[in-house]
Amino acid sequence: MKHWHSTTLKYLTDHCPQALRWYVDGKPYSRDVFGVGLAAHAVLQAFHDQRPPDEEAATVMARKVAEGLIAEGYQFRGKPQPPVKPDDALAGADLAMRYII
């Protein structure tokens, strides 16, 4: 069964109609455009799972999550995905920290 993601549909509709057609047809496309958001969500999930005691610990945790995404990638629906670009992973960690603090 095809899973439709509103964020994906919105992004592709706004920025690339051809990419939207490929998405609907099930053709592969680059997930690089989601790197910052993936990293931010991963950091927020880590904070939800284990709340850091202070801002310094939160910064360390955010950095470790970003480093893991850079070194190992992530799982999407149980399938391994390639590593996130370093700039995107760090920007996502910073975005999550701005939200949390």
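Where in the chain is Pro53 found? In this predicted model, Pro53 lies in the loop between α3 and α4, and with a relative accessibility of 75% Pro53 counts as exposed.

## Overall architecture

The protein chain contains 5 helices and 2 strands, which follow one another along the sequence in the pattern α-α-α-α-β-β-α. The C-alpha trace spans about 45 × 25 × 25 Å along its principal axes, and of the 101 residues in the chain, 28% are buried.

The accessible surface of the protein chain amounts to about 7100 Å², with 57% of that area belonging to carbon and sulfur atoms. When contacts between residues at least 6 apart in sequence are considered, 49% of them join residues that are at least 24 apart.

## Helices α3 and α5

Helix α3, which covers residues 35-49, packs with helix α5, which covers residues 86-100, at an angle of about 50°, and the two axes are 7 Å apart. Angles under 35 degrees would count as roughly parallel and those from 65 to 115 as roughly perpendicular, and α3 and α5 are therefore oblique to each other. The crossing that these two helices make is right-handed.

On the α3 side, the contact is made by Gly35, Val36, Ala39, Ala40, Val43, Leu44 and Phe47, while α5 contributes Asp88, Ala89, Ala91, Gly92, Ala93, Leu95, Ala96, Met97, Tyr99 and Ile100. Sorted by class, the residues in this contact of α3 with α5 are 14 nonpolar, 2 polar and 1 charged.

## Helices α3 and α4

Helix α4, formed by residues 55-72, packs with α3 at an angle of about 130°, and here the axes are 9 Å apart. That angle makes α3 oblique to α4, and the crossing in which α3 passes α4 is right-handed.

Ala39, Ala42, Val43, Ala46 and Phe47 are the residues of α3 that meet Ala58, Met61, Ala62, Val65 and Leu69 of α4. The contact of α3 with α4 comprises 10 nonpolar residues, with no polar and no charged residues.

## Helices α4 and α5

How do α4 and α5 lie relative to each other, and at what angle do they cross? Their axes come within 9 Å and cross at roughly 150°; angles over 145 degrees count as roughly antiparallel, and α4 and α5 are therefore roughly antiparallel to each other. The crossing in which α4 passes α5 is right-handed.

From α4, the residues that make this contact are Glu55, Ala58, Thr59, Ala62, Arg63, Ala66 and Ile70, and from α5 they are Pro86, Ala89, Leu90, Ala93 and Met97. By class, the contact of α4 with α5 is made up of 9 nonpolar, 1 polar and 2 charged residues.

Is Phe47 buried or exposed? Its relative accessibility is 4%, and Phe47 therefore counts as buried. Apart from neighbours within four places in sequence, Phe47 is in contact with Pro52, Ala58, Met61, Ala62, Met97 and Ile100.

Gln45 and Pro86 are 41 residues apart in sequence, and in space their C-alpha atoms are 19 Å apart.

## Arg77 between the strands

Arg77 is found in the loop between strand β1, at residues 74-76, and strand β2, at residues 79-81. The phi angle of Arg77 is near 55°, which is a positive value in a residue other than glycine. With a relative accessible area of 46%, Arg77 is partly exposed.

Technical notes:
Residues numbered from 1 in each chain as written. Predicted model: local features only at pLDDT ≥ 70, side-chain atom pairs only at ≥ 80, totals over all residues. Heavy atoms only, no water. Axes fitted to C-alpha atoms, helices over the stretch in contact; angles between N-to-C directions. Helix = DSSP H or I, 4+ residues; strand = E, 2+ residues; numbered from the N terminus. Left-handed = near helix turned anticlockwise from the far one by under 90°. Contact = heavy atoms within 4.5 Å. Nonpolar A, V, L, I, M, F, W, Y, C, P; charged D, E, K, R; others polar. Buried < 20%, exposed > 50% of the residue type's maximum accessible area, 1.4 Å probe, protein only. Areas by Shrake-Rupley, 256 points an atom, 1.4 Å probe, with all protein chains shown as cover.
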